[in-house]
Amino acid sequence: MTGRWWALVAVALATFMTYLDNNVVNVALPTIQRDLGLTMSGLEWIVSAYILVFAGLLLVGGRLADVLGLRTMFFAGLTVFTLASVAAGLAGGQETLIAARAVQGVGAALLAPTSLALLPAIFPNPRERGMAVGIWSAVGALALAVGPLTGGFLSENAHWGWIFLINAPIGVVTAVIGLRSIRVRRGSAARSGLDLPGLVTSALTLFALTYALIEGESRGWSSAPILGSFAVAAVAAVVFLTIESRTARPMIDLTLFRERIFSGGLLSMGLWSFGVFGIYFFTALYLQSALGFTPIQAGAGFVPMALLMAVIATVSPRIADRFGTARTVAAGLGLMAVAIGGLSSVGEGDGYLNLLPWFLLYGAGAGLLVPLTNVVLNTMPAARAGVASGVLNVSREVFGLLGITILGAILSARENVATGAPLHRFLDAYQFTLVIAAAIVLVGVPVSLYALRHSRTAGTAADGAEAEPAVPEVVA
């Protein structure tokens with residue numbers, strides 16, 4: 001295996017760690033609460049601290065990678081994330097654990113956009129790059145399923161700290177492989193400056209928006225803190241857009257949002273994330289509440305879906321090469337919508353085997369979305385690869401939170417007006433919510449068909465001509 005494929009192993013392992021920590025902790029929360037004597041607020045912030053910092057600093061992490069160098073920021077993020085994971089695993093109290101989780105979020109915000117931006121630098125050949133992004137996406141899909149399973153297994157059979165400490169050996173192996181194989185140099189992007197006002201206002205926008213989405217349900221959507229957070233996010237966003245439109249060297253060229261491929265691609269990616277995050281979250285509740293699954297069994301229930309998603313992800317660039325990105329992505333979102341609708345037909349008296357065909361259809365559809373990542377990245381200048389990756393990750397995180405938030409609000413409202421036994425009310429609300437989710441994901445079909453038309457493959461430009469390969473000296 002050549003050096004660049006070993007570099008892909010390092011990038012994939014780093015991505016696996018950050019994606020894993022998005023959900024590994026959820027099923028271990030009751031064990032952590034008993035061991036540390038946590039308050040309910042403290043318990044919530046073990047999850048929220050990581051997501052809040054991660055989402056809030058994604059654009060900052062992407063821009064730092066563009067200016068300071070992809071390789072430099074990759075190892076900086078890996079170091080911060082690994083050390084913070086050790087601190088979280090060894091934490092003996094609520095404050096220490098929450099602080100360690102926040103620092104993990106800092107490391108992930110540096111690591112996630114840098115990992116994706118490294119792929120064009122490592123793989124200048126368009127076809128190899130498409131395959132590499134497929135593998136990278138497959139690893140992320142596996143992390144979504146392995147997270148709950150790993151968290152449940154370790155919390156039931158070992159000390160809960162191991163859900164974080166397991167990152168230490170992975171981090172060390174990643175560093176060793178990466179130091180020997182990742183070879184990209186910093187180039188002209190370093191001379192463009194950091195755009196500090198843009199960094200500050202983008203971070204403030206994302207922090208405030210993420211906080212409101214996380215805390216809105218518990219604090220009340222009309223409460224002063226939540227309304228205030230939405231207001232801060234809106235004002236900061238306006239200031240950010242004003243700064244970026246007037247500065248000579250903006251971190252994000254706002255004219256890119258006039259490009260249908262860029263804007264439509266981000267919206268399609270967001271709708272994918274809306275479906276993935278929302279369905280994982282609420283179907284996990286269904287498996288445990290209605291079918292009586294243990295946390296480990298619920299986590300294992302998602303594995304077949306994630307495995308198929310990973311397999312389809314590796315071949316979807318070839319499918320897009322044959323049929324076009326627009327039709328491939330539209331088919332993926334259409335399959336996801338059909339699968340979500342099918343899940344809504346599963347109810348009382350049914351079992352896991354009734355869910356499995358829809359899980360597999362859902363996994364196949366989600367795997368077809370991989371070429372979308374390449375298309376969006378290819379619309380950004382090479383010197384902005386880090387920010388482009390940050391924008392993609394922001395789309396995933398924010399729409400994912402919206403999926404959980406909006407679908408959660410619909411489920412709660414429906415459950416409150418339903419009649420009958422508690423389980424019957426939950427199932428009625430769950431099925432109704434899935435129908436709404438299917439309709440929202442289905443919107444992505446016409447969006448992708450319109451926005452991504454004439455975009456042939458992961459390695460081709462929007463007009464069908466072969467894209468210029470990313471030059472390592474420029475994007476690093």
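## Confidence of the model

The chain averages a pLDDT of 82, with 91% of the residues scoring at least 70, where pLDDT is the predictor's confidence in each residue, from 0 to 100. This is a predicted model, in which local features need pLDDT of at least 70 and side-chain atom pairs count only at pLDDT 80 or more, while totals for chains, interfaces and linings use all residues. Residues are numbered from 1 along each chain as its sequence is written, and side-chain values use heavy atoms, leaving out hydrogens and water.

Among the elements of the chain, H5 has the highest mean pLDDT (95) and helix H21 (residues 472-475) the lowest (32); helices are DSSP runs (H or I, at least four residues) numbered from the N terminus. Over residues 456-476 pLDDT stays under 50. Where pLDDT is low, the predicted coordinates should not be read in detail.

## Helices H1 and H5

The axes of helix H1 (residues 3-20) and helix H5 (residues 70-89) come within 11 Å and cross at roughly 40°. The contact (heavy atoms within 4.5 Å) is made by Ala-10, Val-11, Ala-14, Met-17 and Thr-18 of H1, together with Phe-74, Leu-78, Phe-81 and Thr-82 of H5.

## Gln-104 in helix H6

Gln-104 lies in helix H6 (residues 94-122) and, at 0% relative accessibility, counts as buried, a term meaning under 20% relative accessible area with a 1.4 Å probe and protein chains only. Leaving aside neighbours within four places in sequence, Gln-104 is in contact with Asp-21, Tyr-50, Phe-81, Ala-84, Ser-85, Ala-88, Phe-164 and Asn-167.

Terms used. Axes are lines fitted to C-alpha atoms, for helices over the stretch in contact, and angles run from 0 to 180 degrees between N-to-C directions. Helices (H or I, at least four residues) and strands (E, at least two) are DSSP runs, numbered from the N terminus. Buried means under 20% relative accessible area, exposed over 50%, partly exposed in between (1.4 Å probe, protein chains only).
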